Amino acid sequence: MKFAYTIAYVADVAASLAFYEAAFGLATRFLHESGSYGELETGATALAFVDHATARDSVGADYVAAGSSAAPLGIEIGLVCDDVAAAFERAVKAGATALNAPKTKPWGQTVAYLRCPDGTLVELCTAMS
C-alpha cells in the first residue's frame, strides 16, 4: 500500500487551485477541461480537488461539504515551510481565515491553522527534526 493523494471536494475547482497558488505558491499541475478535477504540484503525493457533483457521483452518497460547515471538518492538509509566520500572513492576504496564529510547540515545531475559502482546514508547519 502506498499513499497516493488527497482530494478535497469543493464547489469550484479552478477557484481552489487559484487560491492555493496565491496563498501557498503551489502551481496547478492539471485542470480537466470540464473544470471538475484539478491537481497541484506538491511533490510525490498529489493534492487534488474535485467538484461536489463529481464527488457525490463517485462516492455514491452525500457527505458534509467543508464549505457548508460552520466548523472545520476533522481533517487537515499539512503544508511544511521554513517561515510559518510569513506563509500564514500570505495565506490570510489571499483570502484564508486565520484560526490559530503561528505558535512554537513544546517539541520545537512551529504550527499555525487557517481555513481556506473552500472550507478546507490547513496546517502550516515547520518540518519535524
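The lining of the largest pocket draws most on β1, which gives 5 residues, and β1, β4 and β5 each supply at least two. Helices and strands are here DSSP runs numbered from the N terminus (H or I of at least four residues for helices, E of at least two for strands). The structure is a predicted model, in which local features need pLDDT of at least 70 and side-chain atom pairs count only at pLDDT 80 or more, whereas totals for chains, interfaces and linings use all residues. Residues are numbered from 1 along each chain as its sequence is written, and side-chain values use heavy atoms, with hydrogens and water left out.

The volume of this pocket is about 470 Å³, and of its 24 lining residues the closest to the centre are T6, I7, A8, I75 and I77. A pocket is defined on a 1 Å grid over the protein atoms alone as an open set of points where a 1.4 Å probe fits, with protein on both sides within 12 Å along at least five of seven lines, and lining residues have an atom within 4 Å of a point. Grid points are joined across faces, edges and corners, and the volume is the space filled by probe spheres set on the points.

Strands β1 and β4 belong to an open sheet of 4 strands with mixed pairing, in the order β1-β4-β3-β2. Because β1 and β2 (28-31) stand at the edges with a single partner strand each, one side of each is left without a neighbour in the sheet. Pairing requires at least two DSSP bridges between two strands; β1 and β4 are parallel over 6 bridges, with Y9 opposite V50 in β4. Strand β3 (residues 37-40) runs antiparallel to β4 over 4 bridges, G38 having F49 as its bridge partner in β4, and in the hairpin of these two strands, with 5 residues between them, G43 takes a positive phi near 105°. The antiparallel strands β2 and β3 are joined by 3 bridges, and T28 stands opposite L40 in β3.

In β4, 6 of its 6 residues are buried, that is, under 20% relative accessible area with a 1.4 Å probe and protein chains only. A46, A48 and V50 point one way from this strand, L47, F49 and D51 the other way. Helix α2 (residues 52-59) lies across β1 and β4, at about 95° to β4, where angles run from 0 to 180 degrees between N-to-C directions of lines fitted to C-alpha atoms, for helices over the stretch in contact.

A second open sheet, also with mixed pairing, has 4 strands in the order β5-β8-β7-β6, with β5 and β6 (97-104) as the edge strands. Strands β6 and β7 run antiparallel and are joined by 5 bridges, and N100 stands opposite Y113 in β7. Helix α1 lies across β5, β7 and β8, running at about 25° to β8.

The largest nonpolar core comprises 25 residues, of which Y20, F24, F49, L114, V122 and L124 touch the most other members; such a core is a set of buried Ala, Val, Leu, Ile, Met, Phe, Trp, Tyr and Cys residues joined through side-chain atoms within 4.5 Å. The largest share of this core, 6 residues, comes from α1. Leaving aside neighbours within four places in sequence, L124 is in contact (heavy atoms within 4.5 Å) with F24, L79, V84, A87, F88, T110, V111, A112 and L114.

How values were computed: Buried means under 20% relative accessible area, exposed over 50%, partly exposed in between (1.4 Å probe, protein chains only).
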